[in-house]
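Here's a quick tour of one protein model. Take a look at the fold before reading on.

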Amino acid sequence: MATTSYLQTTSFVLGALTATGGLMGYIKGRSVPSLVAGSAVGILYGLGAYRMQNGEPYGIELSLLASIVLGGASIPRAIRLRKPVPMVLSLLSTFGMLTFGNAFRQSL
């Protein structure tokens, strides 16, 4: 099983990346949906990491949920548009789904 500190760090990093990406989308293109979505997914990752850090339940599950939400929004756009931002978001979500999905599966 992946160590809890690795999972925490991964979740904090993914949260920071998605929140920063949402902010950058707003700054560059005045895209309020980017700001809201990036912040919401970033908060989910951050909350998951926080719960893991404090030994509270459902930390891995929240991070997995954030990855699924991010993938659900970005993977279809990456396939359709073939632009760098949705492709990178798709890779991040896939990495998160594999990482937190495996940790969740091992915790059963």
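## Contacts along the chain

What share of the contacts in the protein with a separation of 6 or more comes from residues 24 or more positions apart? Such pairs account for 54% of them, where contact means heavy atoms within 4.5 Å.

Some ground rules: this is a predicted model, with local features needing pLDDT of at least 70 and side-chain atom pairs counting only at pLDDT 80 or more, while totals for chains, interfaces and linings use all residues. Numbering runs from 1 along each chain as its sequence is written, and side-chain values use heavy atoms, leaving out hydrogens and water.

## Overall fold

You'll find four helices and zero strands here, in the order α-α-α-α along the sequence. (Helices are DSSP runs of H or I with at least four residues, strands are runs of E with at least two, numbered from the N terminus.) The radius of gyration is 14 Å, close to the 13 Å that the globule rule gives for 108 residues, so the protein is as compact as a globular protein of that length. That radius is taken over C-alpha atoms, and the rule is 2.2 Å times the number of residues to the power 0.38.

Along the principal axes, the C-alpha atoms fill a box of roughly 40 × 25 × 15 Å.

## Surface and salt bridge

Of the 108 residues, 31% are buried (under 20% relative accessible area; exposed is over 50%, partly exposed in between, with a 1.4 Å probe and protein chains only).

The structure has one salt bridge, meaning a side-chain nitrogen of Lys or Arg within 4 Å of a carboxyl oxygen of Asp or Glu. Arg51 and Glu56 form it, at 3.1 Å from N to O. Arg51 is partly exposed at 22% relative accessibility, and Glu56 is partly exposed at 32%.
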